[in-house]
Amino acid sequence: AKEKKRHMGDTKHFCPVSLKENFVLYPGLYEHAAKYQEKIYYFSTSEYRDKFLKNPEEYVAHNEPIQAPPLRVCLLGTHGAGKTTCARQIADKLGIFHIQFEEYLQELILPKTKEKVGPDFDGEPEEDDNKMTILSQELDNFSQTMAKTEAEKSKQEVELTDEEEAIKANLMDNEALPPEVLDNIVLDWWRKEPFRSTGFILDGFPRTLDEAQYLSERGLCPDVAVYIQVEESDVLDRLFPPCLKEWKERQYRKMENKKKLKDLKAKIRV
């Protein structure tokens with residue numbers, strides 16, 4: 001075993017072409033091996049092996065050892081498991097970027113939607129607000145007409161692109177993101193600066209088998225994948241108090257709206 005290790009290439013069992021071109025440690029396969037200067041190199045695909053053999057000096061070490069890529073971590077777990085809290089602490093300690101995937105998606109469409117979308121952000125309809133709007137129209141028709149005009153103008157300006165529609169559908173209805181949309185989002189974290197040389201912890205991705213398959217097909221290998229498993233009771237203890245607080249705030253707003261509605265009706269009668 002020691003003799004075999006001594007004769008392995010500079011990148012050991014990782015593909016030197018994937019490391020050079022994509023800065024990714026991608027495991028090589030025995031069936032895609034090649035020998036150069038008495039050393040054995042392993043490649044992720046036969047195409048990369050052929051590419052290496054055409055110009056091996058481009059992919060081997062010379063005066064200094066080949067630089068390894070930075071740490072890339074995928075942190076997974078159910079909603080409320082504490083992924084974001086752990087990810088922030090790990091990112092701060094290791095000096096790498098923290099990327100919260102769904103929050104990143106929200107930021108991509110927020111300039112047009114003006115507010116976050118999805119089940120967690122859909123509030124209950126305020127019926128009293130609708131009644132107050134109708135009564136307000138009786139008090140100030142001109143103001144409402146102007147507001148309607150501005151709203152229609154704003155609606156025309158915030159038309160979403162196909163990619164933004166796909167992101168919105170993913171956030172609201174959990175529709176799968178097409179590979180071409182993921183290409184415009186995920187590839188940069190592996191291949192472009194400042195992520196390429198610093199590393200990151202990707203919080204909440206991949207979320208499905210298809211997304212995991214996408215990473216594999218693109219050769220985007222995390223160094224570590226961590227799954228946080230917690231008891232259902234712990235998740236309820238974390239998520240229930242803020243949900244209860246939000247419900248109480250909605251009830252308070254309803255009470256305030258009822259009071260305003262009563263005052264508005266009295267004003268109309270006068």
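Which residues does L202 touch, not counting residues up to four places away in sequence? The views below start there. This is a predicted model, in which local features need pLDDT of at least 70, side-chain atom pairs count only at pLDDT 80 or more, and totals for chains, interfaces and linings use all residues. Residues are numbered from 1 along each chain as its sequence is written, and side-chain values use heavy atoms, with hydrogens and water left out.

**View 1. The neighbours of L202.** L202 touches V73, C74, L75, I99, F101, W189 and W190 (contact means heavy atoms within 4.5 Å).

**View 2. The largest nonpolar core.** A nonpolar core is a set of buried Ala, Val, Leu, Ile, Met, Phe, Trp, Tyr and Cys residues joined through side-chain atoms within 4.5 Å, where buried means under 20% relative accessible area (1.4 Å probe, protein chains only). Among the 26 residues here, F101, I167, I185, V186, W189, W190 and L202 touch the most other members. At least two residues each come from α5 (101-113), α8 (162-173), α9 (179-191), β5 (200-203) and α11 (209-217); helices (H or I, at least four residues) and strands (E, at least two) are DSSP runs, numbered from the N terminus.

**View 3. Where α5 meets α9.** The axes of these helices, lines fitted to C-alpha atoms over the stretch in contact, come within 12 Å and cross at roughly 125°, with angles running from 0 to 180 degrees between N-to-C directions. F101, Y104, L105 and L108 in α5 meet L182, I185, V186 and W189 in α9.

Note on methods:
Buried < 20%, exposed > 50% of the residue type's maximum accessible area, 1.4 Å probe, protein only.
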